[in-house]
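Please keep the sequence and the model in view while reading.

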Amino acid sequence: MPPDQPTVVRDERYKAHEIEEKWAARWQQTPGLYAAESDSTKPKYYVLEMLPYPSGALHMGHVRNYAIGDALARYTWMNGYNVLHPMGWDSFGLPAENAAISNRTPPRDWTLANIANMKAQMKRLGFAYDWTREVTTCMPDFYRWNQWFFLRLFERGLAYRKKSKVNWCPKCATVLANEQVVAGCCWRHEDTPVEQRELEQWFLRITQYADELLKGLDALPGWPEKVRTMQRNWIGRSEGTLVDFRLDHAAGEPITVFTTRVDTIFGATSVQLAPAHPITEKLAVADPKVGDQVARLRAEQRQASERGDIGAIEKQGVPTGHFAVNPFNGQAIPVWVANYIVMEYGTGAIMSVPGHDERDYEFARKYGLEIKRVIVPTSEDGSGSEPSGATSELPFTGIGGKLVDSGEFSGLACPEAIRSMSTFAEEHGFGKATVTYRLRDWGISRQRYWGTPIPIVYCEKDGLVPVPDNELPVILPDDVDISLNGGSPLARVPEFLNTTCPRCGGPARRDNDTMDTFVDSSWYFYRYTDAHNDKAPFSSEVVAYWFPIDQYIGGVEHAILHLIYSRFWTKFMRDLGLVKNDEPVERLFTQGMIIKGGAKMSKSLGNVVTPDEMVAEYGGDSTRMYTLFATSPDRELDWQDEGVAGVYRFLGKVYRFFVRNTRPDDSDWTKPLPLELSPEARALERKLHQTIKRVSSDFQGRWHFNTSVAAIMELVNALNAAEEKGIPLPLLAEVEKKLVLLLAPFAPYLAHELWEMLGESQDLLKAAWPRYNPELAREEEREIPVQVNGKLRGKIIVAAETGEEEVLRRALDEEKVRHFIAGRQVVRKIYTGKLVSIVVG
């Protein structure tokens, strides 16, 4: 450094809050800092975390989710991509109404205040969001397009009304969400049993897309298999047969059952109805005694459903006293109502074949119903023979058998019998082969205030009349008396309810329900691409550039509803010609939950840790970096405050090293690396390139950011060790610069401070990600664990290029290993490249 320039003396203490406040203020002065480029020739990358409900404050689960996405966004920017990384608010929903009741605060005011607070928290944590694209779903400029989409669905017959059963609290005089039913009673009135009522509800015909939704899962290799399996099960495609069993009462109404095993129908010894089946209702009304027992079954089924274990319910049944005729053999069999039969599968009615179904067998044994064998296993010679013994060998549930005691179908193999019997049923007018789905149409009506108004009016002359596009949005009124009494709050607002029919000009009334908030989250990510468009939901051209989303990040709890609904919405928009993509998301990542002390964080357990507490104590960098370092992001994280403190100490260690050693004004700082380096300096250079390779590999692979941070920590330790012996300034300059680049996705505040300390003028956000030299990144030595009969017995250190024969020789010669194999025969020895496994007899 020239002698006439004063030396800048820096305080070695790591003052995280001063550094972070400094950079937060600078970033705030550049609103477009994180904005995606328009008309860019760069490759695009759309990274998105699921938008939050503005409950009032972020929790640590939010921080982990957003830290993952933010690290990826920053890494992608540094690799030369045009990155879209927006954020918004899923801001309609029931909690705002509850707050309005308890706090006397209008939902809009409560929601917007929460958004302001949570947005400030996100900025304090340094998340790199393009706030110019912010979407707030409770604002008219967004929900106008919910209404527009609803009208397109209505025009195409995909939105329709029908009567549906809902949870109803007599004291609240309103509909309850499933989550508000606790042990069969109202969550607000714990002694009031919830009733099932039929109300006219709006539905979206998602079942029209059921097969495409199912097949599309095979084209999503970037989604976790767990999520795809959950969706397959939820869609629940079953190939089978519909069969009509004629009921014996005067009405003659048949019971239509769905079965995947029509080949067993000669073994049916009862017909069983779901407690909610329409025929059950009629039979219950006709016989009050049956009605009382059915009510008990409904309550049991509802409670099991709330617990999520309907499949494990103790099977209970009620005989109705009626019989139904099996159309294949003319036999009259009893009709029962059973609590393990649900309306959501098939037709809500089954033929019970206890000889060939586990659940039916358990039920028949409990109630003494007849058990018949009509399928026998196929023997090795291909013949079907009935084994000795009786019902103790039942149920036989295999498909590899032949029919017995099944009339003209006896002797057929099961698959052939299914085809033949389905054809027979159709030819004789009492059934047909069919495909059924567990998936049901999506009920979107909510008897609530804080949601999107449904753009339909009811006219005495013209019936259901859609609101014209040019009258959208139908605005949600502000001054509404919200209570849980008397049904939908909008029904008590005459200024909203009473209107003019757009078709005939006569008096009409608006629909007073609002839409399910899953409507908002089904397409919000398209709006981000063109957030201020007032002519359309978005520009198809802009969406075509950005979609599908390259990486979507959120909790596995959204695997079914949100992610299925958003896939349905995309396919519907494709059929409208608005988008070209079949799926909204190319790659999906589901992060693990954050717990503390082995339990989910909750106020009742007193184990809640808030981001504000951690940021106040340790700063934003330490808080977000800990969520990435503690464990791999797909795993459950058991929160430890000391872990955040440890990350804070590490960042302080980095800062102090830079203060002591960074000399960008020294003439040697910018010189090229000397050709000859000391062994210590060469080792540091190799460590740098190995670290770059490890961190880059983690970003490109399974996102083991915990190992990325650990590798950076090892590099810093190597730097401190080399400091004692002296580091050539050109090498120090290279290591420090690339270390800052590696830190940038994880600790952006400190990284920017160090970048400035290095005298760099380029925007760190767009600085090039460091590249490694493969030769220098090659590990010189490796530690190889050695197992004997599956147990770790020793370790060996070998050169990276050591061959298999030498590795095995060294393993057998290792002192501790020799002790465990002495006097025993080595049966097998295997080297996997990472591990030696020795098997001895």
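**A buried aspartate and its surroundings**

D511 touches R161, W202, I454, I456, Y458 and F496, leaving aside residues up to four places away in sequence; contact means heavy atoms within 4.5 Å. The model is a predicted one, in which local features need pLDDT of at least 70 and side-chain atom pairs count only at pLDDT 80 or more, while totals for chains, interfaces and linings use all residues. Residues are numbered from 1 along each chain as its sequence is written, and side-chain values use heavy atoms, with hydrogens and water left out.

D511 lies in the loop between β24 (507–510) and β25 (514–515). Helices (H or I, at least four residues) and strands (E, at least two) are DSSP runs numbered from the N terminus. D511 counts as buried because its relative accessibility is 3%, the limit for buried being under 20% relative accessible area, with exposed over 50% and partly exposed in between (1.4 Å probe, protein chains only). The side chains of D511 and W202 are joined by a polar contact of 2.7 Å. Such a contact is a pair of N or O atoms within 3.5 Å; within protein, one must be able to donate a hydrogen and the other to accept it, and residues adjacent in sequence count only if both atoms are side-chain atoms.

The protein as a whole has 26 helices and 34 strands. Its C-alpha trace spans about 110 × 90 × 50 Å along the principal axes. Of its 841 residues, 52% count as buried. Among contacts in the protein with a separation of 6 or more, 71% are accounted for by residues 24 or more positions apart.

Residues up to four places away in sequence aside, D550 touches K44, Y45, Y46, E586 and R587.

Strand β12 (residues 270–273) is covered on both faces: S270 and Q272 on one side, and V271 and L273 on the other, are all buried. In a regular strand, side chains alternate between the two faces of the sheet. β12 pairs with strand β15 (residues 349–352) in the antiparallel sense over 4 bridges, where pairing requires that DSSP finds at least two bridges between two strands. Within this pairing, S270 stands opposite S352 in β15. β12 also runs parallel to strand β14 (residues 332–338), to which 3 bridges join it; V335 in β14 is the bridge partner of V271.
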